[in-house]
Amino acid sequence: MTASYPPMIVMGVSGSGKSTIGQALAAALGLDFIDGDDLHPRANKEKMAGGHPLNDEDRAPWLEIIAERIGAELAEGNPIVVACSALKRRYRTQLISHAPSVVFIHLSGQRGIIAERQSHRNHEYMPNSLLDSQFATLEPLEADERSIVVDLAQTPDEMVRFVKEKLADFTVA
Ligand SMILES: Nc1ncnc2c1ncn2[C@@H]1O[C@H](COP(=O)(O)OP(=O)(O)O)[C@@H](O)[C@H]1O
Ligand SMILES: O=C(O)[C@H](O)[C@@H](O)[C@H](O)[C@H](O)COP(=O)(O)O
C-alpha cells in the first residue's frame, strides 16, 4: 500500500535549511517539492536584494500564490512539500486557507549556526544582513497549529528521519 501524507510547509528563517531539508524530505517520501523562493514577485526579490526586509503587504500576494498552489495540488491528490519562511502566525493562517491539513515543519535553532552556514552559500537575492530581521519577525508555532519542530543542528538525514517518524501522528486530508 502507498503511504499517504498531508501537504507540508518547511518553515523557518532565511538559511535555516528549508530548501535543503524540503528537497530531501520530498525525495524520501516520494512527493513533489516546490521552493517558495521561486514564487516571489520580482519586486520582492529586488527589495530583499537591496537589503530591505519584506513587510506584510509585500508578502501577502506571495503567500496567496503558495496557498492556492498547495490547495490545487491537493485537489489532484498530490500533497506537496513547500519551502516557505512562514514567519508569522497570520501568514501561516493564510498559507493553509486552501488546505487545512497542511503540517508545518519548523527548522529551529541558533542564530550562530545559521549565520555560519549562510557565510558559505551564495543566494540569488537574499543578503545575510537580513537574518536579524528574520528572527525579529518570527512568531513561534502555537499549540493549535499542526506542526513539527526540528532541531536544525542535526544532519539532513537525521532531520528527515525525525520528521518521518513524527508524521505518523498526523491525519491526512
Ligand atoms: N542540516 C544541515 N547541516 C549542514 N548544513 C546545512 C544543513 N541544512 C542546510 N545547510 C546549508 O545551510 C545553507 C542554508 O540552507 P538552505 O537550505 O539554503 O536554507 P533556506 O532555504 O532556509 O534559506 C546551505 O548552504 C545549506 O547547504
Ligand atoms: O518572508 C520573507 O522574508 C522571505 O521569504 C524570506 O524569509 C526568505 O527567506 C527569502 O525568500 C530568502 O530565501 P531563503 O529563505 O532561501 O534564504
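Which residues in the largest nonpolar core touch the most other members?

Modeller: Keep in mind that this is a predicted model. The largest nonpolar core has 33 residues. Ile 9, Val 10, Leu 95, Val 102 and Ile 105 touch the most other members. Several elements each supply at least two residues of this core: strands S1 (8-11), S3 (81-83) and S4 (103-108), and helices H1 (18-29), H3 (56-75), H4 (89-95) and H7 (156-167). The largest share, 5 residues, comes from H3. In general, nonpolar side chains tend to be buried together in soluble globular proteins.

Take Ile 9. Leaving out residues up to four places away in sequence, Ile 9 touches Val 82, Cys 84, Ala 86, Leu 95, Val 102, Phe 104 and Ile 105.

Now H7, one of the contributing helices. Its buried residues are Met 159, Val 160 and Val 163. They cover an arc of only 95 degrees around the axis, so they sit on the same side of H7. An α-helix has 3.6 residues a turn, so residues three or four places apart point the same way. The buried residues of H7 pack against H1, S4 and strand S5 (147-151). On the other side of H7, Asp 157, Glu 158 and Glu 165 are exposed. The length of H7 agrees with expectation, because its 12 residues should span 16 Å at 1.5 Å a residue and its end C-alpha atoms are 16 Å apart.

The largest share of the shell around ligand 1, 3 residues, comes from H1. In total, 14 residues surround ligand 1. Gly 17, Lys 18, Ser 19, Thr 20 and Arg 117 are the closest. The shell divides into 2 nonpolar, 9 polar and 3 charged residues.

Terms used: Residues are numbered from 1 along each chain as its sequence is written. Chains are lettered from A and ligands numbered from 1 in the order in which they are written. This is a predicted model: local features need pLDDT of at least 70, side-chain atom pairs count only at pLDDT 80 or more; totals for chains, interfaces and linings use all residues. A nonpolar core is a set of buried Ala, Val, Leu, Ile, Met, Phe, Trp, Tyr and Cys residues joined through C-beta atoms within 7 Å. A residue is buried if 20 or more other C-beta atoms lie within 10 Å of its own, exposed if 12 or fewer, and partly exposed in between; C-beta atoms are placed from the backbone. Helices (H or I, at least four residues) and strands (E, at least two) are DSSP runs, numbered from the N terminus. Two residues are in contact if their C-beta atoms, placed from the backbone, lie within 7 Å. A residue is near a molecule or strand if its C-beta atom, placed from the backbone, lies within 6 Å of it. Ala, Val, Leu, Ile, Met, Phe, Trp, Tyr, Cys and Pro count as nonpolar, Asp, Glu, Lys and Arg as charged, and the others, Gly among them, as polar. The expected span of a helix is 1.5 Å times one less than its number of residues. The arc is that of the directions from the helix axis to the C-beta atoms.
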